[in-house]
Amino acid sequence: MTEYLSPQEWQAVSLSLQVALWATLLSLPLGILVAHALARWQFPGKALLNGVVHLPLILPPVVTGYLLLIGFGRRGPIGALLEEYFGLVLAFRWTGAVLAAAIMAFPLMVRAIRLAIEAVDPKLEAAAATLGANRLRVFATITLPLILPGILAGAVLGFAKAMGEFGATITFVSNIPGQTQTLPSAVYAFLQVPGGEEQAMRLVFVAIAISMGALLLSEWLARVVARRIGAKEG
């Protein structure tokens, strides 16, 4: 791939993969927890939590990015604390791109995992509970193995969304080549200059190849997991 891409193009692809991977890995545990809460728990404010989780899907991405800039910028209430106590700066850094991508991908991830949890028969979980298993053990031994295909689907959806995230990312971390310029930002930048269409098209093909590869890998993993679960149940 490096033979066909310029150093700037390769940096954009590499950074996008890095951002999408970290955004997926960091948000997946919380996504499973939130999906389980929305699917199985009853608590005050459940509708509000559901609305907050899905809010990034409704808001314009640039609005989400602006809110991140206000809250997590160096002068923002959260950003100032992170820099003072942990030395962590998010605005106009690749770490901020991870945060923006994770927030934009989170609703898709939660929705896929929630649907998988809701498809599990609650009687199976109840039967395990009557045998003395606590909630954590029931989830780890009954629910989790059955929802692994849904978790994989949610992770791939989150990864794909993070790879393609543009509006919130460019608003929060700008478009700095070699630092915060992800693949979508690079495509946008190349289209703004005369003669940049060829470079943009190369990146488009790379994005398509990565996305299709992720989807095919997800389908294969889901089939493998489903076969193993079926073998255990048999």
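This is a predicted model: local features need pLDDT of at least 70, side-chain atom pairs count only at pLDDT 80 or more; totals for chains, interfaces and linings use all residues.
Residues are numbered from 1 along each chain as its sequence is written, and side-chain values use heavy atoms, with hydrogens and water left out.

Start with helix α5. Helices here are DSSP runs of H or I with at least four residues, strands are runs of E with at least two, and both are numbered from the N terminus. Helix α5 covers residues 94-118, 25 residues in total. From its first C-alpha to its last, α5 reaches 36 Å, close to the 36 Å expected at 1.5 Å a residue. The expected span is 1.5 Å times one less than the number of residues. Even so, α5 has a kink of about 40° at A105. The proline P107 follows shortly after A105. The bend at a residue is the angle between two fitted axes, one for the seven residues ending there and one for the seven starting there.

P56 is found in helix α2, residues 46-58. P56 touches T64, I103, M104 and P107, leaving aside residues up to four places away in sequence. Contact here means heavy atoms within 4.5 Å. Is P56 buried or exposed? P56 counts as buried, at 11% relative accessibility. The cut-offs are under 20% relative accessible area for buried, over 50% for exposed, and partly exposed in between (1.4 Å probe, protein chains only). A155 is 99 residues from P56 along the chain, and their C-alpha atoms are separated by 17 Å.

Now the charged pairs. Side chains of opposite charge can pair when their charged atoms come close. The structure holds five salt bridges. Each is a side-chain nitrogen of Lys or Arg within 4 Å of a carboxyl oxygen of Asp or Glu.

One of them joins E125 to R40, with the closest N and O atoms 2.8 Å apart. This pair links distant parts of the chain. E125 sits in helix α6 (residues 122-130) and R40 in helix α1 (residues 7-40), 85 residues apart. E125 counts as buried at 11% relative accessibility. R40 is partly exposed, at 24%.

Another salt bridge brings together the side chains of R74 and E83, at 3.6 Å from N to O. R74 is partly exposed, with a relative accessible area of 46%. E83 is partly exposed too, at 30%.

A further salt bridge lies within a helix. R202 and E198 meet at 3.3 Å, N to O. Both lie in helix α10 (residues 197-233), four residues apart, about one turn of the helix. An α-helix has 3.6 residues a turn, so residues three or four places apart point the same way. R202 counts as partly exposed at 24% relative accessibility, whereas E198 is exposed at 55%. Salt bridges that share partners join E9, E198 and R202 into one network.

Next, the rings. How many aromatic pairs does the structure hold? The structure holds one. F166 and Y188 form this pair, which is tilted: 5.3 Å centre to centre, with 50° between the planes. Rings of Phe, Tyr and Trp (its six-membered ring) pair if their centres lie within 6.5 Å; planes under 30 degrees apart count as stacked, over 60 as edge-to-face and the rest as tilted. F166 lies in the loop between α7 (135-164) and α8 (167-173), and Y188 in helix α9 (residues 183-191), so the pair ties together parts that are 22 residues apart in sequence.

Last, the backbone. α6 is followed by G132, whose phi is positive, near 105°. Most residues other than glycine have a negative phi. F92 is not a glycine, yet its phi is positive, about 60°. F92 lies in the loop between α4 (77-86) and α5 and is partly exposed at 41%. S174 is another residue other than glycine with a positive phi, near 70°. Its place is the loop between α8 and α9, and S174 counts as partly exposed at 27% relative accessibility.
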